[in-house]
Amino acid sequence: ERSILTYIDILGFRNLIRTKTPNDISRSIRVVREAVEPRRFKSPFPDIPAQDFLNFSDLCIIRTPLARKNSFPAQGEVHSQILHMVHVQTNLLFDEGILLRGGITVGDVARSYGQLFGPAVIRGYTLESEVARFPRVVVGEEVLDELKENPALWLHDRKTDTRAATSLLRRDFDGEYFVDYLRVIEDELDDRSEYPSLLNRHDAFIKQGLTRYKDNVSVLPKYKWLREYHRHTVKRWKERSRPKS
């Protein structure tokens with residue numbers, strides 16, 4: 001089935017294995033699984049495509065079919081999965097100090113005997129392992145192409161839905177789109193006055209990581225990327241917040 005697929009794992013899991021106790025590692029896996037797994041709500045519309053969720057070690061996969069025979073299409077699902085990743089990344093970073101890396105793609109996926117496999121799973125793995133590289137969730141261009149061309153995904157129309165999805169993303173130095181969690185979460189807060197404090201906590205987390213991993217040539221670049229992402233976000237926020245003359 002042609003599906004939207006989100007492929008996520010813990011950044012630095014290898015280091016976690018080396019330095020933490022089995023109980024600590026088990027807890028990290030559990031909190032990530034619980035954060036990433038889509039919420040289950042009772043619905044009066046049982047034919048709406050269900051999100052498949054798989055978890056193995058630090059890996060989590062969410063699969064949502066675009067459409068099934070005699071069922072509703074996955075309207076708004078691109079926006080929904082990206083926004084879900086905004087909350088997942090934010091909650092895990094601030095509550096647990098856990099960074100994620102991953103990718104969101106679209107393509108063919110099969111489910112058989114509880115296993116997910118197919119071209120989209122391979123593409124998700126490639127986005128996570130080769131493209132993302134830093135603590136970011138990359139959104140493949142194929143997702144935005146699908147959104148532009150597939151009316152089954154629209155809640156409104158092509159222009160409105162594409163704009164809504166891209167408003168959650170930022171284009172990075174390498175041309176890749178990624179989930180812009182630190183900017184978008186401001187609009188998701190119940191009290192927006194808490195945002196400056198959240199930015200300060202984000203900054204403190206990065207400084208701690210830069211100090212802790214200053215001699216680690218594989219981990220340090222991840223925190224340097226995070227520092228630049230933070231600085232860019234704060235700069236744009238201050239520009240938006242500046243009183244207009």
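This is a predicted model: local features need pLDDT of at least 70, side-chain atom pairs count only at pLDDT 80 or more; totals for chains, interfaces and linings use all residues.
User: Is E77 buried or exposed?
Analyst: E77 lies in helix α3. Beyond its sequence neighbours up to four places away, E77 touches I4, Q51 and T64. The relative accessibility of E77 is 13% and the cut-off is under 20%, so E77 counts as buried.

User: Which elements do the buried residues of α7 pack against?
Analyst: Helix α7 covers residues 181–188. Its buried residues are Y181, L182, V184, I185 and E186. They pack against α3, β9 (177–179), α8 (195–212) and α9 (220–241).

User: Which residues is H230 in contact with, leaving aside neighbours within four places in sequence?
Analyst: H230 sits in helix α9. With a relative accessible area of 7%, H230 is buried. One of its contacts is L182, a buried residue of α7. The list is L182, L199, H202, D203 and I206.

User: What is the relative accessibility of V138?
Analyst: V138 has its place in strand β7. Setting aside neighbours within four places, V138 is in contact with G102, G103, I104, L127, V131, A132, E176, Y177 and F178. V138 counts as buried, and its relative accessibility is 0%.

User: How many Å apart in space are V138 and C60, C-alpha to C-alpha?
Analyst: Along the sequence, V138 and C60 are 78 residues apart. In space, their C-alpha atoms are 15 Å apart.

User: Where is R14, and is R14 buried or exposed?
Analyst: R14 is placed in helix α1, residues 13–19. The cut-off for exposed is over 50%. R14 has a relative accessibility of 69%, so R14 counts as exposed.

User: How many Å apart in space are R14 and T90, C-alpha to C-alpha?
Analyst: R14 and T90 are 76 residues apart in sequence. Their C-alpha separation in space is 22 Å.

User: What is the phi of S57?
Analyst: S57 is found in the loop between β2 (52–56) and β3 (59–65). S57 is partly exposed, with a relative accessible area of 29%. Most residues other than glycine have a negative phi. S57 is not a glycine, yet its phi is positive, near 50 degrees.

User: What is the phi of R133, and where is R133 found?
Analyst: R133 is in the loop between α4 (119–132) and β7 (137–139). At 35% relative accessibility, R133 counts as partly exposed. Although R133 is not a glycine, its phi is positive, about 60 degrees.

User: Why does the protein chain count as being as compact as a globular protein of that length?
Analyst: The protein chain has 9 helices and 9 strands. The globule rule gives 18 Å for 245 residues. The chain is as compact as a globular protein of that length because its radius of gyration is close to that value, at 18 Å.

User: What share of the residues in the protein chain is buried?
Analyst: The C-alpha atoms fill a box of roughly 55 × 55 × 35 Å along the principal axes. The chain has 245 residues. Buried residues make up 48%.

User: What share of contacts between residues at least 6 apart in sequence joins residues at least 24 apart?
Analyst: The set counted is contacts within the protein chain between residues at least 6 apart. Those joining residues at least 24 apart make up 67%.

User: How many Å apart are the mean positions of the positive and negative charges?
Analyst: The accessible surface comes to about 13,500 Å², and 50% of it belongs to carbon and sulfur atoms. The protein chain has 40 positive and 35 negative charges. Their mean positions are 4 Å apart.

Conventions
Residues are numbered from 1 along each chain as its sequence is written. Side-chain values use heavy atoms; hydrogens and water are left out. Helices (H or I, at least four residues) and strands (E, at least two) are DSSP runs, numbered from the N terminus. Buried means under 20% relative accessible area, exposed over 50%, partly exposed in between (1.4 Å probe, protein chains only). The radius of gyration is taken over C-alpha atoms; the globule rule is 2.2 Å times the number of residues to the power 0.38. Contact means heavy atoms within 4.5 Å. Accessible areas come from the Shrake-Rupley method with a 1.4 Å probe; for residues, only the protein chains shown count as cover. Lys and Arg count as positive and Asp and Glu as negative; His and the chain ends are not counted. The place of a charge is taken as NZ of Lys, CZ of Arg, CG of Asp or CD of Glu.
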